[in-house]
Amino acid sequence: MNRRRLLTALPAALLAVACCAQAGGVTWKHLSSKNGDLPAPNAGTEQTSAAVFDIDRDGVNDFVITERTAAPAVLWYRRGPAGWTRYVLEDAPLRLEAGSCAYDVDGGGDLDVVAGGDAGSNQIWWWENPYPKFKPSVPWKRHLIKTSGVTKHHDQIFGDFDGDGAEEFVFWNQNARALFLAEIPPDPRYSGPWPLTEIYAYSADSQPEQRGKPAGFKGVNEHEGLAQADIDGDGNLDIFCAEMRLNGGNPDAKIYLLLGDGNGTFRTTVVDTGFDNHESKIANLDGNGTPDVLGKPYNWDTPRLEIWLNPAPPRKGGIR
């Protein structure tokens with residue numbers, strides 16, 4: 001049987017596994033919610049953020065997806081031996097912005113979820129991890145961090161910013177044109193809104209996203225995924241960079257891997273083309289120790305999710 005007949009005779013499921021993307025010597029296995037490889041998010045059309053971390057403390061990363069046009073607004077994808085199971089963290093609709101994060105807010109030894117409101121909300125929330133009592137249809141308890149001032153909170157982070165040995169919460173409040181810091185209250189489960197301190201302010205004229213923008217620019221070539229990791233297992237850091245398909249544009253949007261040689265030189269490779277990447281992430285998603293790609297669109301062909309698995313374990317000293 002010649003090769004063409006052999007490929008035609010393969011069952012569709014087997015052919016889907018056989019046709020894996022290759023970039024830089026790494027063979028990627030592509031999974032998509034459109035093919036039923038993992039459950040789709042809610043029925044909404046604007047998937048705003050993605051955060052990757054180990055929710056259930058089993059040593060394998062899970063991930064959280066937020067969406068702002070329909071309920072449920074926050075979903076947890078729990079990794080198990082057979083793939084991912086969708087859990088509801090927030091069953092109500094919420095106007096959630098991009099840039100969510102995870103942190104052990106209440107000091108319970110597990111990671112909680114933090115996300116801010118978009119241009120339609122002046123609130124920031126955190127969801128209390130109920131470890132070890134997880135049920136797919138039972139939402140987590142939601143608490144308030146901020147419920148005053150103006151709207152839009154794109155990006156949050158925790159860190160010890162004042163050197164006192166305890167971590168603080170820092171977030172952008174774009175419509176206030178300011179960066180705020182909040183000390184975590186002694187018992188945040190019962191503290192209500194946290195006290196805030198403005199630590200930086202800027203004017204509308206100082207925003208480089210605004211300066212020099214061409215007339216009619218829609219941002220379809222924006223890069224909304226950027227990270228570094230040793231992706232090909234050669235011991236050198238590589239760069240992950242992925243493009244958007246905002247409002248359906250940029251049909252040639254690419255997922256790039258810039259493979260480093262350890263001396264400042266990079267070789268550009270492409271994992272896949274034609275997908276929307278908004279807050280897409282590089283992280284080990286299947287527990288085998290290799291960096292995988294979590295692909296999340298913002299509003300292209302939503303609802304949907306993509307995963308590119310990096311199947312082989314890393315081999316020190318060279319590309320697989």
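These questions and answers set values from a predicted model against the definitions behind them. Residues are numbered from 1 along each chain as its sequence is written, and side-chain values use heavy atoms, with hydrogens and water left out. Local features need pLDDT of at least 70 and side-chain atom pairs count only at pLDDT 80 or more, while totals for chains, interfaces and linings use all residues.

Q: Why does Thr147 count as partly exposed?
A: Buried means under 20% relative accessible area, exposed over 50%, and partly exposed in between (1.4 Å probe, protein chains only). Thr147 has 32% relative accessibility, so Thr147 counts as partly exposed. Thr147 lies in strand β10 (residues 141–147). Strands here are DSSP runs of E, at least two residues, numbered from the N terminus.

Q: What makes Gln123 a polar contact of Thr147?
A: A polar contact is a pair of N or O atoms within 3.5 Å; within protein, one must be able to donate a hydrogen and the other to accept it, and residues adjacent in sequence count only if both atoms are side-chain atoms. The side chains of Thr147 and Gln123 make such a contact at 3.1 Å.

Q: Which residues is Thr147 in contact with, leaving aside neighbours within four places in sequence?
A: Asn122, Gln123 and Pro193. Contact means heavy atoms within 4.5 Å.

Q: What makes Trp76 and Phe134 an edge-to-face pair?
A: Rings of Phe, Tyr and Trp (its six-membered ring) pair if their centres lie within 6.5 Å; planes under 30 degrees apart count as stacked, over 60 as edge-to-face and the rest as tilted. The count by this rule is 18 aromatic pairs. Trp76 and Phe134 are 4.8 Å apart centre to centre, with 70° between the planes, so the pair is edge-to-face. The pair links Trp76 in strand β5 (residues 74–80) with Phe134 in the loop between β9 (123–128) and β10, 58 residues apart.

Q: Are Trp76 and Phe134 buried or exposed?
A: Trp76 is at 0% relative accessibility, so Trp76 counts as buried. Phe134 is buried too, with a relative accessible area of 14%.

Q: Why is the pair of Trp172 and Tyr200 called edge-to-face?
A: The ring centres of Trp172 and Tyr200 are 6.2 Å apart and the planes are at 80°, so the pair is edge-to-face. Trp172 is in strand β12 (residues 168–173) and Tyr200 in strand β14 (residues 197–201), 28 residues apart. Trp172, at 30% relative accessibility, counts as partly exposed. Tyr200, at 43%, also counts as partly exposed.

Definitions and conventions: Helix = DSSP H or I, 4+ residues; strand = E, 2+ residues; numbered from the N terminus.
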